[in-house]
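Dear colleague,

I am passing on the structure below, and after it you will find notes on what came out of the analysis. Please read them alongside the coordinates.

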Amino acid sequence: MTKTNQKPRIFSGIQPSGNLHIGNYLGAITQWVEMQAEYNCIFCVVDYHAITVPQKPEVLRAKIMETAKIYLAAGIDPKRSIIFQQSDISAHTELCWIFNTITQNGDLTKMTQFKDKAGVDFNSLEKGLSDSWNEKIFNSGLIKKIEKEKDISLALNSAHEVIWDFVQSFKLQFNKVGVGLFDYPVLMAADILLYNTDVVPVGDDQTQHVELARDIAKRFNNRFGEIFKVPEVKIKKEGARIMGLDNPEKKMSKSAASDANYVALTDEPDKAAKKIMRAVTDTGKDILYDKENKPGITNLISIYSNLTETPVRDIEKKYKRKGYGDFKKDLAEIVKKFLADFQKKYNAISDKDVRRILNEGADQARPIAEETLRKVKEKIGIK
Ligand code: TYM
């Protein structure tokens with residue numbers, strides 16, 4: 001049992017929503033498994049994050065169990081690491097509230113993931129406004145036509161109309177976005193900072209959120225006195241951003257519209273193999289790692305490299321005189337075998353064991369979180 005020794009601490013988590021996929025596994029979970037040897041580890045099933053978009057209660061309940069089982073099947077050892085469910089420890093939402101009071105809207109509107117998920121981007125607002133202005137006013141020749149006072153008033157009216165329409169449609173979109181989705185990085189900061197975390201191992205899409213957690217820690221420390229450690233982010237060199245199989249320009253995502261986008265960890269192995277065979281590749285035929293010009297094959301090489309722990313250069317050499325078909329066939333077999341092994345472990349874990357592990361995990365994590373929250377309340381003057 002090494003949970004209470006002096007090793008540095010890591011904290012990370014996954015939302016129990018959608019289908020966990022090999023991107024989550026290769027970008028995040030494989031790091032966690034390895035780091036167990038050298039760190040005190042806390043892994044959370046972040047259910048309060050999942051409800052920032054609508055979830056069906058019975059599906060959410062099942063996904064919480066599924067996510068914890070995936071942690072265990074991947075090799076997270078509850079004897080060495082704490083695994084728990086976020087909502088079992090109320091200090092997370094309490095600290096989130098306190099952090100809300102030192103976070104600015106501008107900290108959150110710049111989050112790339114928020115912009116993507118909510119479809120609201122303030123930079124695009126500025127660009128949209130100047131584009132419409134240029135198009136409707138300058139390019140239309142309206143300015144050139146101005147000779148009399150009446151023309152000026154016409155031009156201004158026309159400009160006003162364009163800007164008004166643009167702002168209205170932006171407002172409509174912004175007003176629809178849930179407050180939870182907007183605030184979610186603050187809850188994530190609370191997750192991380194409650195546990196005096198040294199390192200946060202994640203995929204690269206979470207880097208910006210960890211950056212915010214660092215800023216909030218520094219801001220709080222500056223304003224109220226040192227409490228929080230400023231954590232470091234850790235992302236893998238290869239595999240930090242696995243791309244969608246149906247569109248290698250965008251990351252593989254649990255919430256993708258089509259399930260051809262990802263290989264889920266719970267996909268039937270034959271079905272997963274077919275997804276690999278159908279994955280979008282690029283023009284040409286060489287098996288070369290080139291993110292810019294060959295994003296499709298590069299993504300598949302990355303998956304191959306991560307699953308087999310083979311350096312990218314060795315894969316390129318191995319397939320030098322072969323085509324996409326041969327390479328994909330081999331990768332499909334690798335994925336099939338990986339999933340079969342993984343699911344064997346997954347299916348051997350009972351719901352009852354998972355519940356017990358989550359309860360025990362929460363019992364171990366709670367005192368750490370409550371101690372931090374107590375200090376915070378003291379510092380800000382409510383205790
Ligand atoms: P989530 O649930 O979207 O993703 C879980 C982890 O998987 C990584 N990941 C990927 N890695 C490589 N390629 C991909 N295509 C890919 N897609 C996802 C993510 O980077 C992440 O590490 N906000 C977080 C969960 C969270 C959290 C935390 C993480 C809440 N509190 C505290 C760390 C610490 C999220 O939504 O991850």
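Strand β2 (residues 40–45) and β3 run parallel and are joined by five bridges, where two strands count as paired if DSSP finds at least two bridges between them. Strand β3 (residues 81–85) is mostly covered, with five of its five residues buried; a residue is called buried if 20 or more other C-beta atoms, placed from the backbone, lie within 10 Å of its own, exposed if 12 or fewer do, and partly exposed in between. Ser81, Ile83 and Gln85 lie on one side of β3 and Ile82 and Phe84 on the other, and both faces are covered.

Please keep in mind that this is a predicted model, in which local features need pLDDT of at least 70 and side-chain atom pairs count only at pLDDT 80 or more, while totals for chains, interfaces and linings use all residues. Residues are numbered from 1 along each chain as its sequence is written.

As for the whole, the protein has 16 helices and five strands, taken as DSSP runs (H or I of at least four residues for helices, E of at least two for strands) and numbered from the N terminus. Buried residues make up 35% of its 383 residues. An automatic or database assignment divides the protein into domain 1 (1–119 + 181–235 + 351–383), domain 2 (121–176) and domain 3 (243–349), and the C-alpha centres of domain 2 and domain 3 lie 46 Å apart.

The ligand is surrounded by 25 residues, the closest being Gly23, Gly27, Ala28, Val202 and Gly203, where a residue counts as near if its C-beta atom, placed from the backbone, lies within 6 Å. Two or more residues of this shell come from each of β1 (9–14), α1 (22–35) and α10 (179–193).

Because 10 of its 14 residues are buried, α13 is largely enclosed by the rest of the structure. The buried residues of α13 pack against α1, α14 (312–318) and α15 (324–347), contact meaning that C-beta atoms, placed from the backbone, lie within 7 Å. After α13 comes Glu309, whose phi is positive, near 55°.

With best wishes

How values were computed
Two residues are in contact if their C-beta atoms, placed from the backbone, lie within 7 Å.
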